[in-house]
Amino acid sequence: TTGTENIFCDNFRVHNSIRWSPDSRTILAVGRDENKRGQQNYNGGIYTIDTKTGQLNEILLLPEIKDVVNPIRLAVAEWSSDGKSIYYLNIDHLGDQIVKRDLKTGEEKVIYKGNHLKRILRLSPASNTLLFAYENPESKKIHICTIPAEVGNAKEICTSQETDRLRTAVWSPDVNNIFFTETPTLNYSKLWRVSASGGKPQNISQLPHLDVDLSIHPSGQKIALSYGEQTTEIRVMENLGREVAELQSRNE
C-alpha cells in the first residue's frame, strides 16, 4: 500500500525454499550466513527470519554430502500447518529422508525414507499431505508422489514426461491438481498438470525459458512464473594503455 521496502538480514544469502509462516510473522529459508563464510565444514543451513526485527535464527546446519559439491542445492524446507514445526529433506550417503522437526524441542520424526529425493517438498493447502519427488537413476524418470503429513504410505501420482530435469511441483489451491515444470532441451521448458489422485499429465504450455519456478494464485486462475536469463555482453575499453600506466603508478 505504501511502496515501502524492508530489507532483512544483509548478511544472509538466500538460496531457495522461501516460505511464509502460517501467521505471516516469520520467513523460513535455506541459505548461508555470510558471517560464517570461510568456516570449515559450513555448508549453509535452514533459518528463520523475524519480519518485525529482522532477527536471523539458525534452525539446523546442512551436513556435508559425499560426492556433492554444494549440499545447499538439494536442501528444501516447509512449514507445518500450525507453524510450530518444519518439514525438511535430510539427505546423506546412508539414504534420504523427509523429516518433521519441532522448532521448540528439536524433536524429529521421520515421515518418509527413500533414495534420490529431489528438491521438492510442499504441504497441501488442506495441510494433510506432502508432495515430494524422487529420481530413478536407471530409468532417468522423476516420480512425483504424495504422503500423509503425519506418516503413512507414499502414493505415486505420475512420472516426468520427457526428461529428468524437473524443476518444481506445486499444489493447486483446491488441492485437485498438481502442476510441475520440465526442461526437455536447453531451449524451453514445459508446464504440466496432473490430477492429485494420479493419472496422465496434460501439457498446459511451452515456455521459452529454462528452470522455471512457479506459484499458483489463490483463485487458481493465474500462475506466477520466475526464471533465470543469462546475457553475454562484449564491451570495448578505450585508452587501455593509459589506464594500465596509472594503475602501475599507484601500485608503485
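**Figure 1. Strands S7 and S8 are joined by six bridges.** In this predicted model, strand S7 covers residues 95–102 and runs antiparallel to S8. Within this pair, arginine 101 has glutamate 108 of S8 as its bridge partner. Both strands belong to an open sheet of four strands, ordered S5-S6-S7-S8, in which the pairing is antiparallel. At the edges of this sheet lie strand S5, formed by residues 77–79, and S8, and each of these pairs on one side only. From one strand to the next, the twist averages 20°.

**Figure 2. Serine 85 is a residue of strand S6.** Strand S6 comprises residues 85–92. Is serine 85 buried or exposed? Serine 85 counts as buried because its relative accessibility is 8%, and the cut-off for a buried residue is under 20%. Leaving aside residues up to four places away in sequence, serine 85 touches Glu78, Trp79 and Ser80, as well as Lys100, Arg101, Asp102 and Leu103.

**Figure 3. A second open sheet is built from strands S9, S10, S11 and S12.** The four strands follow the order S9-S10-S11-S12 and pair in antiparallel fashion. Strand S9 (117–123) and strand S12 (155–159) form the edges, each pairing on one side only. Neighbouring strands of this sheet are turned against each other by 20° on average, direction ignored. Strand S11, which spans residues 141–148, is joined to S12 by four bridges, and the two run antiparallel. Here cysteine 145 stands opposite glutamate 156 of S12.

**Figure 4. The largest nonpolar core contains 16 residues.** Nonpolar side chains tend to be buried together in soluble globular proteins. Which residues of this core touch the most other members? They are Tyr87, Leu89, Ile98, Leu121, Leu130 and Phe132. Two or more residues are given to the core by each of S6, strand S8 (108–114), S9, strand S10 (129–136) and S11. There is also a second, separate core of 15 residues, which includes Leu131, Leu166, Ile178 and Val194.

**Figure 5. Phenylalanine 132 is shown with the residues that it touches.** Residues up to four places away in sequence are not counted. The contacts of phenylalanine 132 include Ile98, Tyr112, Leu117, Ile120 and Leu121. Phenylalanine 132 also touches His143, Ile144, Cys145, Thr146, Ile147 and Ala154. Among these contacts, Ile98 and Leu121 are also named with phenylalanine 132 as residues that touch the most other members of the largest nonpolar core. Cysteine 145, another contact of phenylalanine 132, is the residue that stands opposite glutamate 156 in S12.

Terms used:
Residues numbered from 1 in each chain as written. Predicted model: local features only at pLDDT ≥ 70, side-chain atom pairs only at ≥ 80, totals over all residues. Heavy atoms only, no water. Pairing = 2+ DSSP bridges. Axes fitted to C-alpha atoms, helices over the stretch in contact; angles between N-to-C directions. Buried < 20%, exposed > 50% of the residue type's maximum accessible area, 1.4 Å probe, protein only. Contact = heavy atoms within 4.5 Å. Core = buried A, V, L, I, M, F, W, Y, C linked by side-chain atoms within 4.5 Å.
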